[in-house]
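Here is a short report on one structure.

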Amino acid sequence: METVADYFGSLVFNDETMRNRLPKDVYKALKKTVAEGKDLDLNVANSVANAMKAWAIEHGCTHYTHWFQPMTGITAEKHEAFISPIDGGKVLLEFSGKELIKGEPDASSFPSGGIRATFEARGYTAWDPTSYAFIKDDTLCIPTAFCSYSGEVLDKKTPLLRSMEAVSEQAVKVLHLFGKTDVKKVNTTVGPEQEYFLIDKKDYAARKDLIYTGRTLLGARSPKGQEMEDHYFGAIRSRVSAYMKDLDRELWKLGINAKTSHNEVAPCQHELAPVFGTTNIAVDHNQLTMELMKKIADRHGFACLLHEKPFAGVNGSGKHNNWSISTDTGINLLEPGDNPKDNAQFLLFLVAVIKAIDEYQDLMRVSVASAGNDHRLGANEAPPAIVSMFLGDELTEILEALVSGKAVNGKGKVQMELGVHVLPAFPKDTTDRNRTSPFAFTGNKFEFRMLGSSFSVAGPNIVLNTIVAKALKEFYEELKDATDFNAAVTELVKKTYSEHKRIVFNGNNYAPEWVVEAEKRGLLNLKSSPDAYDTFIAPKNIELFSEFGIFNSVEMHSRYEILNEEYSKTIHIEATTLIDMVNRQVLPACTGYAGKVAAAVNAKKLALPTLECKSESALISEITALVDNLENAVTELEKAVALSAEYSGSDLAHYTRNSIIPLMDDVRGYADSLELIVDQKDWPYPTYGEMLFYV
Ligand SMILES: NC(=O)CC[C@H](N)C(=O)O
C-alpha cells in the first residue's frame with residue numbers, strides 16, 4: 001500500500017529530486033548559490049531549467065508560471081506553455097535558464113501605492129531558489145520575487161527575504177561574541193496555525209455578503225452559539241473529516257508538513273497547523289494551504305471561509321504565528337540552555353525580543369491591521385489591539401531577580417546570583433500558557449496571536465525579523481568592545497529588561513482592567529486599522545526599514561497608501577453589498593410578509609367581523625416601524641457612502657471607520673430584529689442557525 005512517505009513531496013522539485021536529476025557539478029553550484037545568496041550563473045540556470053522541464057512534463061505539465069506574491073495578500077500567476085513552434089507545423093517543448101530566473105509579466109494592475117503609473121507596465125519576477133518549484137494544476141510553479149522596472153519592491157517576498165538576511169547578519173555577529181564562530185547563518189522559523197470555517201456551499205451561494213465580502217453583514221444570532229464549549233476539540237463530523245483527509249493528502253504532495261487538525265471554538269470552525277519551517281518557505285506554504293483549503297472545500301460541497309469574522313458573536317479566525325530563530329548549527333536561540341553560558345545567550349536574545357516589541361509596538365499592530373481583523377481583535381477569545389508580551393511566571397521571576405539582585409524564590413527551583421557564569425539552568429518547558437496574550441512565549445518560541453486568518457504571514461514576519469535585527473545590532477555595538485564580556489552581557493540584560501518590562505503582561509488580556517493598566521504603562525492602544533496605519537510612516541519606522549534595506553521611504557509610503565486603500569475599498573464593498581441586500585432582499589421580504597399578515601387579518605375580519613386580531617395588528621405595526629427605521633438607516637448609509645468620494649488616502653480610511661461603519665451597524669440592528677419576527681419561509685437568505693447548525 002502507498003504510504004504518506006511515498007507520495008510526500010511528489011509534486012515538488014525538492015532537494016532529493018534535484019540531486020537525482022541534476023549533473024553533480026550543477027547541483028553543487030546551485031546549493032552553493034542558495035547557501036551564499038549569490039546570483040545564479042546562466043549555465044547552471046539552463047541546466048536546472050532543463051531538468052525541471054523534463055520532470056514537469058513527466059508529471060503531465062504543459063505550462064510553467066512564475067508564482068509571486070503581490071501586495072494583494074494572495075498569490076499571482078501567469079501561465080506560459082512550454083511550446084515553441086518549429087517548421088512543419090510541429091512544436092518543441094522549451095524552458096530556458098533565462099525563463100527560469102526572470103519573468104516579465106505586464107504588471108500594471110497590481111497595487112503599487114502610486115509607485116508606478118499604469119503606463120509603466122513593466123515588472124520583473126525573479127526566481128527565489130530558496131523555495132522549491134512545485135506543480136499545481138498541471139503547471140510548473142516557480143516561486144519568485146516581484147519588483148518594478150525601476151527596482152522598487154512590489155511584493156511581500158522580497159522584503160521578507162531581506163528581513164531574514166538582516167536578522168541573520170546581526171544574530172551571527174552577536175553569536176560570534178559568545179564564541180559560536182561556527183555559526184554562519186541564522187534562520188527565523190515559523191509555524192502558522194490556520195483557522196477557518198466550513199459551511200455548506202448552498203448556503204454560501206445564497207448569501208451575497210459571503211460571496212462579495214467573505215463575511216456575514218447581516219444575521220441575527222441563533223438560539224445556540226458556542227456557549228456550551230462543545231465544539232472545541234470535539235469529534236470531527238465525518239463530512240469534515242473527509243475534507244481534512246483530502247486536504248492533508250494534497251498538501252503533503254506539495255511537501256507541506258500539515259500536522260494537526262481539530263475543531264475550533266465556534267460551530268463549523270476548524271484549524272490546521274503545520275510543523276514549523278524556515279520563514280520564507282512557511283509563508284509560501286501557508287499561501288498554498290489557504291488556496292487548497294478553498295479549492296478542496298468545493299469538491300466536498302463546502303465553502304471555506306478564511307475571513308477573520310465571518311459570523312458576529314462567535315469566535316473569529318486567527319492565524320497564530322509561532323516564531324523562533326535558530327542557527328545553521330541547529331541551535332534554537334529561544335530555547336533556554338542547559339548551562340549558564342547558554343542561558344546568558346538565551347536571556348540576551350530574549351531581551352532583544354522584549355526591546356524590539358516594546359519599541360515597535362506600533363509596527364507589530366500595523367502588521368496585523370485590516371478591516372476584517374478589526375472585528376476580531378478584542379472579541380470572543382482573540383487578543384486585544386494592545387500589543388503586549390507574555391513570558392510566564394518563571395521567566396519573569398528570573399528577569400526580575402536579575403534586575404533586583406535578589407535570589408529567585410518561590411518554587412525553590414532556581415537559586416541565582418548575579419553574574420552570567422552563575423545563571424541557573426532553566427526548566428525547559430514552561431508549562432503555563434496564556435491564550436489571551438498577543439505575543440506569548442511558549443517555551444522555545446513566541447506565538448504571535450494577533451494575525452488574522454486571511455493574512456499573508458509575510459508582513460508580520462518582515463516586522464518581527466527587522467525589529468529584532470535592530471535590537472541585536474544595538475546589542476552588538478554595546479558588547480563588541482567589552483573588556484569583561486560576561487559582566488557586560490549581564491548588565492545589558494538587566495538594563496534592557498528594566499527599560500522595556502512595561503510590555504510584559506502575564507495577566508488576562510481580555511479583562512477591561514488591562515486597558516486601564518496598559519494606558520498607565522504608556523502602551524499604545526491603536527483601536528482601529530486606520531489609527532494603526534498612521535503610525536507606519538513615523539520617522540522612526542522609516543529609519544528602521546531604511547537602515548536594514550528592507551524598504552526605502554518611497555516604498556513605505558506606497559505601502560501606507562495600499563493599506564489605507566485596501567481598508568477603504570473593503571468597507572466600501574461591504575457597505576454597497578449591505579445596501580443591496582437590504583433594498584432588494586430584506587425590505588421586499590418584510591413588506592411582503594406584513595402584506596400577507598394584513599391580508600390574513602382582512603380575511604379573518606371578513607369571516608368574523610367581531611374579531612379584533614390584536615396580535616396580528618401589533619405584528620404589522622412592529623414590522624412597519626422597523627421597516628421605517630431600516631429604510632431611514634439605509635438612506636443615511638447611502639448618503640455617507642456617496643460622500644466618501646470627497647476623501648482619499650488616510651482621510652478616507654478614517655472617514656470610513658468613523659462614518660460608514662456605525663451606519664452599517666445601525667442598518668444591521670434593524671434588519672436583524674426583523675429577521676426574528678418575519679416568517680422563516682419568507683426570509684431571503686440562510687440564517688446563522690441554518691448555516692452553523694443545519695449542516
Ligand atoms: N482557541 C483558540 O485558540 C481561539 C483563537 C481564536 N480563534 C483567535 O481568533 O485567535
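## Ligand contacts

A polar side-chain atom of arginine 435 sits 3.3 Å from a nitrogen atom of the ligand. A polar contact here is a pair of N or O atoms within 3.5 Å; within protein, one must be able to donate a hydrogen and the other to accept it, and residues adjacent in sequence count only if both atoms are side-chain atoms. Histidine 320 places a polar side-chain atom 2.8 Å from a ligand oxygen. Glutamate 195 has a side-chain N or O atom 2.6 Å from a ligand nitrogen. The protein covers 97% of the 300 Å² of accessible area that the ligand has on its own (Shrake-Rupley method, 1.4 Å probe; for residues, only the protein chains shown count as cover).

The model is predicted: local features need pLDDT of at least 70, side-chain atom pairs count only at pLDDT 80 or more, and totals for chains, interfaces and linings use all residues. Residues are numbered from 1 along each chain as its sequence is written, and side-chain values use heavy atoms, without hydrogens and water.

## The ligand shell

Around the ligand are 15 residues, of which Glu195, Asn315, Gly316, His320 and Arg376 come nearest (near: a heavy atom within 4 Å). The shell holds three nonpolar, six polar and six charged residues.

## Helix H4

At the start of H4, a side-chain oxygen of aspartate 41 comes within 2.9 Å of the backbone nitrogen of asparagine 43. Just after H4, glycine 60 takes a positive phi of about 90°.

## Salt bridges

The whole structure has 39 salt bridges (a side-chain nitrogen of Lys or Arg within 4 Å of a carboxyl oxygen of Asp or Glu). Arginine 365 pairs with aspartate 374 at 3.8 Å, N to O. Arginine 365 is buried at 1%; aspartate 374 is partly exposed at 21%.

Lysine 604 and glutamate 616 form another salt bridge, their closest N and O atoms 2.3 Å apart. Lysine 604 lies in H20 and glutamate 616 in H21, so the pair ties together parts twelve residues apart in sequence.

Methods
Ala, Val, Leu, Ile, Met, Phe, Trp, Tyr, Cys and Pro count as nonpolar, Asp, Glu, Lys and Arg as charged, and the others, Gly among them, as polar. Helices (H or I, at least four residues) and strands (E, at least two) are DSSP runs, numbered from the N terminus. Buried means under 20% relative accessible area, exposed over 50%, partly exposed in between (1.4 Å probe, protein chains only).
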